[in-house]
Amino acid sequence: MSRITSWHADPSTPRFTPPPGAVDAHCHVFGPMADFPFSAKAKYLPEDAGPEMLFALRDKLGFTRNVIVQASCHGTDNAATLHAIARSNGKARGVAVVDPAITDAELEALHAGGIRGVRFNFLKRLVDDAPKDKFLEVARRIQPLGWHVVVYFEADILAELRPFLDAIPTLLVIDHMGRPDVAQGPDGPDMRAFRALLDSRNTIWTKVTCPDRLDAKGPPWDDFAAAVAPLVADYPDRVLWGTDWPHPNMQDAIPDDGALVEMIPRIAPTAELQHKLLVANPMRLYWPETWSG
């Protein structure tokens, strides 16, 4: 398997300036492979994209903090993510991927290392096995730590997943809105089904992220903006935003991170919405001990 590069070598500096304290609440690190080998089950083999690169991008884009989500290429070994958090000077927290057999002591060690959630991936092209019963047991076990669950799936299996999602006892965050077809518009069947999920309980949040993945027409991602802005307006206290850097598996359509930041005022057009999306919501979820609101 050859190594791939999926991130922009020289992203533009965005015109939009994020509010002070803004959080990139969905990003990843890859390796470095010499120190943190990739999983033998990895479906892709990326070039190194370590914490120094991530934090340099954070500063260039005008953000203050990062939430680093364990990438599937590292499997259930969260060492690279923990390493990046440790190098952040308190400016990063993380979401782990864990083996269901993980011990309570290992969960507590992850918490001490800055992990605040666990991710369950249902994309068949990325993972071979997604055991719902074992995932629910993990979700119950992380409750005492105050963690939340992040779930990644595509829109065509939302109905199938509803019983599983309804059974998750913690706060639940849906990656990339469950990958709806944004070409259907804000009132299309995918977005209506996703809104029904959000309306089922107020402890379901989502990441309004990845126009580069979801809008087949490409930049400036007008279909994404049109479909997602009403969602941000209607659920302002339950939305997060992130770059998705270094854009796993996007080597054939690498997005400009500066252009991704320019999407923010299009989906959150007021200062109040921008502050909730980029500061208040991620801070109360990932740094509740320091966030007074």
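The structure holds 9 aromatic pairs (rings of Phe, Tyr and Trp, the last by its six-membered ring, with centres within 6.5 Å; planes under 30 degrees apart are stacked, over 60 edge-to-face, the rest tilted). The model is predicted: local features need pLDDT of at least 70, side-chain atom pairs count only at pLDDT 80 or more, and totals for chains, interfaces and linings use all residues. Residues are numbered from 1 along each chain as its sequence is written, and side-chain values use heavy atoms, with hydrogens and water left out.

The ring centres of Phe122 and Phe135 lie 5.8 Å apart with planes at 85°, so this pair is edge-to-face. Phe122 sits in the loop between strand S4 (115-121) and H4, and Phe135 in helix H4, 13 residues apart. Phe135 also pairs with Phe164, in a tilted arrangement: 6.5 Å centre to centre, 55° between the planes. That pair joins helix H4 to helix H5 across 29 residues. Phe122 and Phe135 are both buried (under 20% relative accessible area, 1.4 Å probe, protein chains only). Phe164 is buried too.

Helices H4 (residues 132-142) and H5 (residues 158-167) pack at about 20°, with axes 10 Å apart (helices are DSSP runs of H or I, at least four residues; strands are E runs, at least two). H4 and H5 are therefore roughly parallel (angles under 35 degrees). Lys132, Phe135 and Leu136 of H4 meet Glu160, Leu161, Phe164 and Ala167 of H5 (contact: heavy atoms within 4.5 Å).

Elsewhere, ring pairs link Trp7, Phe30, Tyr44 and Trp245 into a cluster.

Note on methods:
Axes are lines fitted to C-alpha atoms, for helices over the stretch in contact, and angles run from 0 to 180 degrees between N-to-C directions. Angles under 35 degrees count as roughly parallel, over 145 as roughly antiparallel, 65 to 115 as roughly perpendicular and the rest as oblique. Buried means under 20% relative accessible area, exposed over 50%, partly exposed in between (1.4 Å probe, protein chains only).
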